[in-house]
Amino acid sequence: MRVLFCASEIYGYAKSGGLADVGHSLTQALSKDAEIFSVMPLYAFMDKKSYQKSSIKFSVTLGGIEYKIAIYEAMTQSVKTYFINSSILSSTKFMYGDEKGEYTNNDIRFGIFCAAVVELATILKADIIHANDWHTALIPLFIKRAKSNIKTLFTIHNLAYQGIFDKSSLGRLGLENKYFHMDALEFYGKVNFLKAGIIYGDAVTTVSPTYAKEILTKEFGCGLEGLLEAHKTKLTGILNGIDESVFNPQNDTALYNTYSYETLQKKYENKKELQKEVGLKDVKKPLFIMISRLVHQKGFDILIESLDDFLKEDINFLLLANGEDGYKQALEPYAQKYKNFKLLSGYDEALSHRIYASGDFLLMPSLFEPCGLNQMIAARYGTIPIVHSVGGLKDSVHEKKIKCAKGIVFLQPTKKALLLAIKRALKLKKDEKRFNEFISFNMKCDFSFEKSAAAYFELYKKLLS
């Protein structure tokens, strides 16, 4: 079985979020059962000299224009990754957009990418293409148009991002007008890439069982609930995992001190060093952490509404975040007003590991969360998650069940519910024996991608049977 795993970002090469982590970790886990390759764009910020130029080269034609494709490659552990290099796809400074917003030519950029992946899959004699999110969603359509025998599995990591463009995209992509209707790519007068993956994929997955159910409802369906309901027989929810070799407090070189559930005093030493690094005082106070993108989805409206009450508690709060300026500007006055709140802008992978290792509690008040990885990483590092019971958070954090992971769960996305959850966390922290039992239990949990990989492998076999 030969599988080509296709994503717009893969950890180790380019990363903006959890998709990259999945692109790295899932393929490594799958490589034990399948012959798997991965493919992603070669972006302008990536150094071509770091990768080997492949002998594979070809052109793709979209809308009557020929685009030359060069292929580069690299190995990470047991998985070879191919990189698609083409003038328009690879010429932007960032992956998807800049301070002005999404790049206006993303339709043709990722159209070229999808067409190139189909050609590469044919050359590699792949049996299956596993495509991920809207950037790759045209692949199942291109496969069907080419009458290829390659099977496609399409994974939705976040339904809120759909790849919506003007109708004129059809011409640039070389797609006939017959695809511009509500049972194909048309979406309120525009072209919707994500619909192509849902409609033409042979199987569709989401990244948690609860999210697979939620997206069939109006509340979470982002306007596609009817379409997903029509295709629900091929829809499966598979909970993501994390790469436990990357996120391992016992040998993580980013930490001040490595530790295990048997040496929790060293976790406390991490907390002491981190608070010194960022300028937070009194290491005996409970340290709440949050590592997030500054977007509406992540519950920042509820958090900001709760900050005055939250920060008056005898706690410290450290937030590492990047994203929308509006939220950053709303948060900054609180960081100036309260000495027990530190706001760190941007994203730093090594720093994030130190924060996970130092926290007592992780906040995740997301309005919706297809899967979420932060709660698993935090639990792995002995930091107890506080989550809104939604999507993958509902599947992976439990307050009343003895099930991985143990944490604090609130049911409604409101200020009142969040503050009550924080009160329960503070009560737990005072009960040192129970608090340490939560930590030890979570640090023994299996959050690896092994279970996820086994479920995907079964789906692959089903597609080929």
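In this predicted model, the axes of helix H8 (residues 264-278) and helix H11 (residues 349-358) come within 8 Å and cross at roughly 125°. Axes here are lines fitted to C-alpha atoms, for helices over the stretch in contact, and angles run from 0 to 180 degrees between N-to-C directions. H8 and H11 are therefore oblique to each other; angles under 35 degrees count as roughly parallel, over 145 as roughly antiparallel, 65 to 115 as roughly perpendicular and the rest as oblique. On the H8 side the contact (heavy atoms within 4.5 Å) involves Lys 267, Asn 270, Lys 271, Leu 274 and Glu 277, while H11 contributes Leu 351, Arg 354, Ile 355, Tyr 356, Ala 357 and Ser 358. Helices (H or I, at least four residues) and strands (E, at least two) are DSSP runs, numbered from the N terminus.

Residues are numbered from 1 along each chain as its sequence is written. Local features need pLDDT of at least 70 and side-chain atom pairs count only at pLDDT 80 or more, whereas totals for chains, interfaces and linings use all residues, and side-chain values use heavy atoms, with hydrogens and water left out.

Buried means under 20% relative accessible area, exposed over 50%, and partly exposed in between (1.4 Å probe, protein chains only). E9 pairs in the parallel sense with strand E8 (residues 128-132) over five bridges, two strands being paired if DSSP finds at least two bridges between them. Within this pairing, Leu 153 of E9 stands opposite His 130. E9 also runs parallel to strand E13 (residues 203-206), to which four bridges join it; here Thr 155 has Thr 205 of E13 as its bridge partner.

H3 is mostly covered, with six of its eight residues buried, namely Leu 138, Ile 139, Pro 140, Leu 141, Phe 142 and Ile 143. Just after H3, Lys 147 has a positive phi of about 55°.

Finally, Val 409 lies in strand E20 (residues 408-410) and counts as buried, at 15% relative accessibility. Apart from neighbours within four places in sequence, Val 409 is in contact with Val 387, Ser 389, Val 397, His 398, Glu 399 and Arg 424.
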